[in-house]
Amino acid sequence: MKEQKVLSKFWFWGLLILPILLYFLLIELYGMNIPYVDDHGLKGFLVKFQDSKTWTEKIAAIFAQHNEHRIGLTRIWFLLVYGIYGSINYKWLMWFGNILLVGVLGIYVAYFKKNKISLLYFLPLPWILLTSINQENTYWGMASIQNFGIVFLSLWAFWELEEERLISALVLVSIAVFTSGNGFVTLAIMGGFLLLKQRWKNLGILVLLGVLLAYLYFATYQKPPATPSATLADLKKVLLAFVSFAGSAADVSLDSAISARTIKAILLGGILLILALICVVRNIPFDFRLKKYSTPKNWPVFILATILLIVLSSFMVAWTRVVGYGMPTILTSRYKIYSLLFVITMYVWLLRVLEEKHRWRMFLFALPFSILTYVNGFWQSVSQIDYHYKGLICNMFNWTYEDLSGKTNSPTQFRYYNPATVFGSLTPILLTNDFSHDPQIKLEEAKVQDGNVVIRGVGDFHFPWLDPDNGVYLIAKSEKRVYVFPLRSVKAGVRLLIGGHAVFGPYFENQIPTFEFDAGTYKLAILAVEDTQKRILNTQQSITIEADNRKAVETNW
């Protein structure tokens, strides 16, 4: 089919735009203007920025260290949004980070056009890249900019390098360095290709820039609290983690045993690494026939550099994370972007080297398979997405009301307004009611065990989809304060999903760390939200929490 005919077809644009629309629709539904984990550090940054007397101090605050990174791009966008809106808005961090992810697709469009590959074959890419298995980055403001931003900036820099636009490549890699520490990997890869292409002047400029960036980055660098790194004795474990990281896009069944998840990741990782090795060997800059070193005119710098970025990132994460954190961290959602990028990169490389008839056959498999994996990725991730949303709104309630007086714990050094949540109209009831006259429900389990509050039960609930507020919450109330916590609803079966239009069934459970509670004895109740109906059910059960003696986690932010 000719290119103009493809671009004039409604079905083409529908298949191209639909995954993007669905992706951002989910962000609109489940994204909240509530800080999550490291997002809280941006509040401290804002105070420091506002209190700085000179622009030198303000710039130092923007590029100050956060863990092992300097997240200048994130902080600049944070300040811009604060200036426009007049208050903190974490959701706009999510929008910006995820727009950068969509920008990755734009770079591959340029690759298709340069290599005269029909855009028809481009259709699987948005279905592969914009998947819900990215959920940890997708719904986390700071992480979305850092983890999606470094990928976007690195690939764009590689593209500019292939097109021999050195100045723009240097600007992009400089921004990348102050988006994530992984930007130095991008810088080193660019230097390697300039060396292989014998562009000595350009290499000299890059080296000078690298020295400057390294000085700015490390002059006041403080090593963050260390976690155990691997040694040569751990090499087998590291290699398994390396291959698993590369193939972690295959790990979508998050409720499965970690061993089963690892096997699937290793299988995909092995395939991708073999394809990458073939690609690299085919493009070694040496003419074996003439026994002469040379780089081809159409040397695929962009593809080779992207492969190197993925492989080096995979190895570094395996080396620094598998010993201290184990395989669950290697397979965590926030790292899957590299594996997804690996799948896309190998796909587009094959499109370049295969004959047209083989391209067509691969496409006929890739498009329906990518759509199926997109749908399956949502189904497998919806529990985590839903729980993340509920965790945010519960955390906001818990830090807003630290006693039963109704006085809110509001910031005074900056402007931040709590978004409306399902708890808004219920707050007076939660603070004053003892739930003794409410309908009752009997929990199957309600106990403190191994540092967790274990809750399990079932009710006569029906949760229509897709309303993120719908679900079951635990209310824990002592004489001093009240907490709300999300409970994990078990996903519905096919019959309830289709016939009852419900994503989640009536079964619920959770293990809540005891350090989330102040010490005391808590009466337990259940809050069930079903569309506009909100029910509080008294369990007539209670738990006692002892004082928490955990050592606070050290941070440099």
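Here are some notes on this predicted model, going from the whole protein down to a few single residues.

1. Overall make-up. If you're new to this one, start with the secondary structure: the protein has 20 helices and 13 strands. Its radius of gyration is 26 Å, close to the 24 Å that the globule rule gives for 557 residues, so the protein is as compact as a globular protein of that length. The C-alpha trace spans about 90 × 60 × 50 Å along the principal axes.

2. Of the 557 residues, 53% are buried.

3. Contacts along the chain. Take the contacts with a separation of 6 or more: 75% of them are between residues 24 or more positions apart.

4. The main core. The largest nonpolar core holds 179 residues, and the members that touch the most others are Tyr108, Phe112, Phe423, Phe517 and Ile526. Helix α18 (residues 356–400) gives the most to this core, with 14 residues.

5. A look at Tyr108. Which residues is Tyr108 in contact with, once its neighbours within four places in sequence are left aside? Going up the numbering, they are Phe122, Leu125, Leu155, Phe302, Thr306, Leu341, Ile344, Thr345 and Val348.

6. Gly97. This glycine sits in helix α6 (residues 91–114). Is Gly97 buried or exposed? Its relative accessible area is 0%, and anything under 20% counts as buried, so Gly97 is buried. Gly97 touches Ser144, Ile145 and Phe148, if you skip residues up to four places away in sequence.

7. Thr295. For a contrasting case, go to the loop between β4 (292–293) and α15 (301–325), where Thr295 is found. Thr295 is partly exposed, with a relative accessible area of 27%. Beyond its neighbours within four places in sequence, Thr295 is in contact with Leu196, Lys197 and Pro285. Its C-alpha is separated by 8.0 Å from that of Ile284, eleven residues away along the chain.

Technical notes:
Residues are numbered from 1 along each chain as its sequence is written. This is a predicted model: local features need pLDDT of at least 70, side-chain atom pairs count only at pLDDT 80 or more; totals for chains, interfaces and linings use all residues. Side-chain values use heavy atoms; hydrogens and water are left out. Helices (H or I, at least four residues) and strands (E, at least two) are DSSP runs, numbered from the N terminus. The radius of gyration is taken over C-alpha atoms; the globule rule is 2.2 Å times the number of residues to the power 0.38. Buried means under 20% relative accessible area, exposed over 50%, partly exposed in between (1.4 Å probe, protein chains only). Contact means heavy atoms within 4.5 Å. A nonpolar core is a set of buried Ala, Val, Leu, Ile, Met, Phe, Trp, Tyr and Cys residues joined through side-chain atoms within 4.5 Å.
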